[in-house]
Amino acid sequence: MGAIPLRQDIIYPESDGQPLGETDIHISEVVDLMEALRDRYRDQSDVYVAANLFLYYVERNPRAVVCPDIFVAKVPKYLRRTYKLWEEGKGPCMVIEVTSRDTYREDTVGKRACYEALGVEEYFLHDPLGEYLDPPLQGFRLVQGRYVSMEPDRDGSLSSLTTGLRLRLDDAGLRLVDAATGEPLLRGQEARDEARQARQERAARKAAEAELARLRRELEGRKAD
């Protein structure tokens, strides 16, 4: 009787070993989008936001992988090393690619076909330099298993039904806006500035309360005299 071969463990790499070779503009936008979305869903345990995370979609085939710039998935929130579709049970509901000279062909052809096959409901592309996509903001929605181009609003913005957001362009790049309230999601630096201002206001309020308490004690002491 021949020996039964041992099951060989499959290694799913967490990196391709290459540095993130993009401009400051592209990197900043990816980080801003990730931080804005994570802040939006900070209190929801069933929404996960990731950036530049390997997504494996065929078990025991580490070459079946794609790496979205940004994605949102309605799965339990916890830190992951990679995203394995067969373990998660579902793929992202929305993907955003910040396209560049080196990626726009893959973003518009290869990745689009991959996300369509994986059932990603909404796929957005933004060219922050406006050099490779016309128009620079594009969106696709899955309809009966195929991507259909989204119709932009008069201002060129696009609606995400899966997140309740609108994606529009302003002077600083791609802006995410809450469709229900019209309130924009803060970008990374904006959020940090707002947090710093809030801390300063709290500190000033505490200092004023402390000074008021001191004056009251002083006044009570004079009355006692």
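1. A two-residue hairpin carries strand S11 into strand S12. The model is predicted. S11 and S12 (residues 173-178) are antiparallel, and six bridges hold the pairing. Asp170 has Gly173 of S12 as its bridge partner.

2. S11 (residues 165-170) also pairs with S10 (residues 158-160). That pairing is antiparallel too, with three bridges. Opposite Ser160 sits Leu165 of S11. The hairpin of S10 and S11 has four residues between the strands. Within this hairpin, Gly164 has a positive phi, near 70 degrees.

3. Helix H3 covers residues 104-118, 15 residues in total. From first C-alpha to last, H3 reaches 20 Å. The expected value is 21 Å, so the span is close to it at 1.5 Å a residue. Gly119 follows H3 and has a positive phi, near 80 degrees.

4. Which residues of H3 are buried? They are Tyr104, Asp107, Lys111, Cys114, Tyr115 and Glu116. Cover for the buried residues of H3 includes strands S3 (65-66), S6 (94-98), S7 (122-126), S8 (137-143) and S9 (146-149).

5. For the whole protein chain, the secondary structure is four helices and 12 strands. The chain has 225 residues, and 35% of them count as buried. Of the contacts with a separation of 6 or more, 54% are between residues 24 or more positions apart. The accessible surface is about 14,300 Å², with 50% belonging to carbon and sulfur atoms.

Technical notes
Residues are numbered from 1 along each chain as its sequence is written. This is a predicted model: local features need pLDDT of at least 70, side-chain atom pairs count only at pLDDT 80 or more; totals for chains, interfaces and linings use all residues. Side-chain values use heavy atoms; hydrogens and water are left out. Buried means under 20% relative accessible area, exposed over 50%, partly exposed in between (1.4 Å probe, protein chains only). Contact means heavy atoms within 4.5 Å. Accessible areas come from the Shrake-Rupley method with a 1.4 Å probe; for residues, only the protein chains shown count as cover. Two strands pair if DSSP finds at least two bridges between them.
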